[in-house]
Amino acid sequence: MEILGPVPLAPLTVRAEVVRSGRSVELIEATMSSERGPVMQAKAWRIKLAETPLDLPEEFLPTGTRPLPTATEPSPFPSDHEVGFHTGIEYRFVTGTFAAPGPAVCWIRLKYPIVAGTTPSPLERTLAAADSGNGVSAVLDWSKYLFINTDLTVTLHRQPVGEWVCLDAVTHPQPHGIGLAESALFDETGPLGRSTQTLLLAPR
């Protein structure tokens, strides 16, 4: 997903199409536009699932879990605004906090649908949560620095399930002003995949 400009609080148009069809792999693309033009683009590769499970060595299959969100308390968001991004999402930190710089493990759940009248799918919930990696693992002072992601890449090795998504996230800043946030993604049944965000770093 590429952010091409500010997304206005106004009517938006979304266009989606298959740009490369195939029997085993296909590429789909979507563009979100306002009356001023495109504001966001997304591409996704869809891969055909095996018709019968493959006989793979178990030692190489993804494993691991994180403490479930029910084992932690809701985490406060450092904001004085009554309504905003933080009021639409529930955060539960396993390790780290918004106030403590460094890597963090955090469960995230959408409180409300992104589009009124719809129910977010587990995949939509995962993509929304993955965009928070640079926030939950922030290493720079929020009041002194910007660390804005210019893109979001999510690679999943299976379909997610449920409402909660866990990010095991870390941010890598560089003095020249470019950084990287990467997250291992989990749902309540185990590993899902990875997400990365390229960061623009700058003084406020």
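Predicted model: local features only at pLDDT ≥ 70, side-chain atom pairs only at ≥ 80, totals over all residues.
**Stop 1: helix α1.** Select residues 122-130, which form helix α1. Which residues here are buried? They are Arg125, Thr126, Ala129 and Ala130. These four cover an arc of only 130° around the axis, so they sit on the same side of α1. In an α-helix, residues three or four places apart point the same way, because there are 3.6 residues a turn.

Now show what the buried residues of α1 pack against. Among the partners are α2 (133-136), β6 (104-110) and β11 (190-203).

Stop 2: Side chains of opposite charge can pair when their charged atoms come close. The structure holds 10 salt bridges.

**Stop 3: strands β3 and β4.** Select Arg46 and Glu26. Their closest N and O atoms are 2.3 Å apart. Arg46 is in β4 and Glu26 in β3, 20 residues apart. Is Glu26 buried or exposed? Glu26 is buried, at 16%, while Arg46 is partly exposed, at 45%.

Next, pick Glu29 and Lys43, another salt bridge, at 3.7 Å from N to O. Glu29 lies in β3 and Lys43 in β4, so this pair ties together parts 14 residues apart in sequence. Glu29 is buried, at 18%; Lys43 is exposed, at 59%.

Stop 4: Finish with Arg158 and Asp187, whose closest N and O atoms are 2.6 Å apart. Asp187 is buried, at 3%. Arg158 is partly exposed, at 27%.

Conventions:
Residues numbered from 1 in each chain as written. Heavy atoms only, no water. Buried < 20%, exposed > 50% of the residue type's maximum accessible area, 1.4 Å probe, protein only. Helix = DSSP H or I, 4+ residues; strand = E, 2+ residues; numbered from the N terminus. Arc of directions from axis to C-beta. Contact = heavy atoms within 4.5 Å. Salt bridge = Lys/Arg side-chain N within 4 Å of Asp/Glu carboxyl O.
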